[in-house]
Every structure is written in structure tokens, then in C-alpha cells.
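Please consult the sequence and the structure shown below while reading.

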Amino acid sequence: MKKTILLVLLTACLSSLNVLAQPSWTKKAAKSVFTLKTFNEQGTLLGSASGFFMGTGGEAVSSYTPFKGAYSAVVIDASGKELPVVAMLGADDTYDIAKFRVDIKKSTPLTVSAANVQTGASVWLLPYRETKDCPVGTIRKTETFRDGYEYLTLALTAPEGSAGCPLMDENGEVIGIMQTSWNAGDTLSYAVSARYADSLRISGLSINDPALKAIGIKKALPSDINQAVLTLYVAASSLDSAAFASLVDDFIQQYPDAPDGYQYRAEQETQAHQFDAAARDMEQAIRVATKKDDAHFAYSKLIFGKEVYLNETPYDGWSLDKALAEAREASSINPLAVYRHQEATILYAQKKYQEAYQAYTTLFNSEIRSAELFYEAARCQEMLRDTVAQLSLLDSCVATFSRPYLKEAAPYLLARAQIRLNAGKYRDAVNDLNDYEQLMQATVNANFYHLRHQAEIGGRLFQQALNDINRCIDMEPDNGYYLAERASLQVRVGLYDDAKATAQEIIRIDPEYSDGYLFLGLSQCLKGEKAEGIKNLQKALELGDTQAKDLIEKYQ
């Protein structure tokens, strides 16, 4: 009887210590648990946590906190072996989870439970190198987040250093990842769903994920080829050249039969004037490409860019003729409008303006019909010196927009205004410039108002011209040229006193600028002040203004 009572008391005591007989699976499962250590850029220890393997290829999870600001990390596995972390596979700073890959030939993963977590169920915390006395508790509460994953509140006192440890069910399957305990000895602990940790993936946009950007360790490429290509596209404008080059090399190693990696590397090699290497990579891209037309088109664009922007460094293997041949090869495989547009662009660069114009016109009714297309054709006619055809094409260009105009129309309105001005269509030019000003009110400058001032004078819109030259002077009050333009207009419309005042301002700003004396003398002569006027005209002549000579002879 006494032995029975003693056994009951002992069982109750063990239960009060939150320890039960250990399940049979603990010894095997413990082989999957490790200690993580992270280091900053200088190699100083940054943080540590526990973690465990979730895949056979070194895929593992742990707490995110130690990774923040880390540039390297290692895990120490159950046998005491130190293994480097080679790539990040995902991260969530909100739920303190990091997923990564360890450099190991084969890892022993824990099995993630697919069953729904039940309140009241018993759970075991599996610490690093622990084969017995795993702390046991029960699930007190579950809350769901992000598509039904569980956040668990546990009736369990977790020992220090439990963050990142796996939380196991009675079948030896992992159901959660332990969170950091805020206070030692707390009778409540918390864990995040292991299924959620397993779901973390690198996507094409992960390169801009703040949680991952805070980690200096290399990020893995997505396992999906389309997402990996998206990663390259995003990284091209967000990473420095060295980091991007490393990413491209990783892409080529992971996807050797995809042309994208070779194309991106060829672009970098071209910028570095490594043209032989770039040519080899582009030829390889064409060999492995499923869509040969895409690869030939990419090669054409690369050669064209080099010939236009890096032409100070010749390379015998490349020329505009080679770029044209590649574009035409793409068209022969798949006659897309964008390929024919590339042909037209190259012909223009070769100064074959009539051929280029004909190539552009074949695209006017294609899917790439646009204002830019008509503008490019208009440039061909400009080079062929056909102003009528050029202006007609610019009319078609602007006609692709409807009123009220959007800002996209602004550059074409300005281009047409300049051609109209040159063609003597002054009031039409003013109308375009008025529309341009309405669209670009915040950015128009003195040069714009001077241009419209000239068109307004040609159209005999003198008050508007005077208003615009005054705007120029308001923006650049010490610009003698603008002041001289105002003085000239004031003389022309009979505002002689105003012209005298403007001329005196020119002389004050720059006593050696002949226009000041010219317009002062002219306005004085026109007012009948010939003696003083001729003196000032003589001064203008001395400063090199040849117009003054004829005016002196006229008013003497």
C-alpha cells in the first residue's frame, strides 16, 4: 500500500514539473536541430538561436532576429559540425522567422504536420542536442493569420535559448517554431505555424523585401524560372554592379538552358568593353533559346547600343550592319512589329533616311502605332528636308492624343510648335506652345517664354510677346539678351520711353554690351533727341555693333 501511494505521489510530482516520459521519436528528431550563429560585416558575433532542417537539401528555419544586419552565418549540427549558411530562402520579421539553405550534402529534415492543431493537445519542445527531458506542455489557444496558419499560445515554460526550436506533436511531427520568451520562467510560451515557415518562398519581387534587404547574406533565386527572370529584371536597377553580376552568375548556374542569364551578362560585359565575351554569351543565348527570335532581337539591341553609345571603342565583330542582320533574322522567324521597328531604327542610324521612313510607315497600322512612331517618321523627313511631310507627320503624331491633353503629349506639341515656327506658321505655333504651357506649367522656363515670344512677334501678337519677354526677365533679371529683346519690341511698337528705360538697365548691368547703347540711341532719335541719340549710337558702333552705322547715317 505504501509503495502504491509513493508511486502516485512521484507521478504527480513529475507532472507538476512539466516533464513526461519522452516519446520514442525524440532521439531521431534531435538530429535535425542545430544552433545558429550570425556575424556582422566585420565578422563579430551578432546573435544566436536554435533552428532545424526542413528539407533534405539543407533547407532550414530559425528565428529572423539574429539575421538582421548579418553578413554571414553558420549552424552547428547535432554532431557538432559547423556548416555555413549559403543563401536566404525567405524571411518574415513580423513573425520572427527566417528560412535559409545550409551547405550540406544531405540533411535530415523534420516532418511538418499537415493536421489541424487542436486546443488542449500535448506538445513537446525539442531543444538542440536534447534526447531526453523535452519540456512538454499543452496548446492553450490558437489564432489564425495569413490564409489560415496558426499562431499558438502554449501552457509551457520554455527554457532559455528556445527561440527557433521545433514544437512537436505526439507523432513526432513539427507543428510550430518557438518564439522568443520575453520573461524567463513564464508559464506561457508562443509558437508560429511550421507550415507557414515551410511556405516561405523567394519570389521575383523578394529582392526588394525589407526583411530580406536587412540581411547581407546572399538571397537564393526563385525555383520557378519565370520568377527567377523577374528577379533579374528587378535587380538590374536595384543592385550595384558587383552584386548584380554575382546574381547573374548564380542564375546561369541554376538555369543553364535559359537565355536570360547570358543576355544580362553580355550587357554587363559590353559596358565593360569585354566585347568578345559578350559576343560568346549572346551566341550561347541564341543556342539555348526556345524562342530564337527573342534572342536574335536581344542581340540586335545589344550591338546597336554599343555602336551608338560606345562607338569610340571599335570591335570588328559588331557593326550596324550586324545589328540589322540580327533584327532581320528575328523578323524572318517571327514577323513581329517590334522587330521591324528595330530595323527602321537601325536604318535611321545608318543615315538611310528614305529606307527608314518606308520601314516606319509599314508600322502605322500595326499594334505598336503610337505618337512616337509618327515622330520618328517625321525625323526621317526632317533629314530629307521635306518640311511639308514632316509637319504632316507631326500632325498625325499629335492626333493620337485627344483633348484635354495629358502630359505625354507635351514633347510632341513642343516639337510641332518649333517646326510651325520655322515654317512661318506663327499663330499655329503659339497655339501649340499655349497647350504645352498648360501641361508643363510647373517646369516651363525662360527659354520657353522666349520661344513663344518669337512666335508671337511673327504672328503680330505684340502684347502677348511683351508679356512673355517680361516673364523671361522676371526669371533672369540680369540677362542682357532678354532685356535687349524687350527694348527691340518696345521700339517696334512705339514705346520709346519704355525702350529708353530698358536700354539704360542693359547699360547698368553690362556697360560693354553694345545693344544697350544701340536701343538707347535709337529710341532717343525716334523721340527727336537726335544729338544724344547719335552719341549713344556712336558708342554702340565703337563696341562693334555694325547696325549703328546705318542708323547714324539715317538720323544725322
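Arginine 146 lies in the loop between β8 (136-145) and β9 (149-155); helices (H or I, at least four residues) and strands (E, at least two) are DSSP runs, numbered from the N terminus. The model is a predicted one, in which local features need pLDDT of at least 70 and side-chain atom pairs count only at pLDDT 80 or more, while totals for chains, interfaces and linings use all residues. Residues are numbered from 1 along each chain as its sequence is written, and side-chain values use heavy atoms, with hydrogens and water left out.

Although arginine 146 is not a glycine, its phi is positive, at about 40°. Another arginine with a positive phi, arginine 460, is placed in the loop between α17 (446-458) and α18 (462-475). The table sets out both residues; buried means under 20% relative accessible area, exposed over 50%, and partly exposed in between (1.4 Å probe, protein chains only).

| Residue | Phi | Relative accessible area | Class |
|---|---|---|---|
| Arginine 146 | about 40° | 42% | partly exposed |
| Arginine 460 | near 60° | 55% | exposed |

A further loop, between α14 (387-399) and α15 (410-422), holds proline 404. The peptide bond that leads from arginine 403 to proline 404 is cis, with omega near -5°.

Helix α5 (residues 225-238) consists of 14 residues. From first C-alpha to last, α5 reaches 20 Å, close to the 20 Å expected at 1.5 Å a residue, where the expected span is 1.5 Å times one less than the number of residues. At the start of α5, the backbone nitrogen of asparagine 226 has a side-chain oxygen of aspartate 224 within 3.1 Å. The buried residues of this helix are Ala228, Thr231, Leu232, Val234 and Ala235. Their cover includes α6 (241-254) and α7 (259-271).

The largest nonpolar core has 93 residues, of which Trp318 and Tyr360 touch the most other members. Such a core is a set of buried Ala, Val, Leu, Ile, Met, Phe, Trp, Tyr and Cys residues joined through side-chain atoms within 4.5 Å. Apart from it lies another core, of 24 residues, including Val33, Val61, Trp124 and Tyr151. Beyond its neighbours within four places in sequence, tryptophan 318 is in contact with several residues, among them Phe275, Tyr299, Leu302 and Lys306; contact means heavy atoms within 4.5 Å.

How values were computed:
A polar contact is a pair of N or O atoms within 3.5 Å; within protein, one must be able to donate a hydrogen and the other to accept it, and residues adjacent in sequence count only if both atoms are side-chain atoms.
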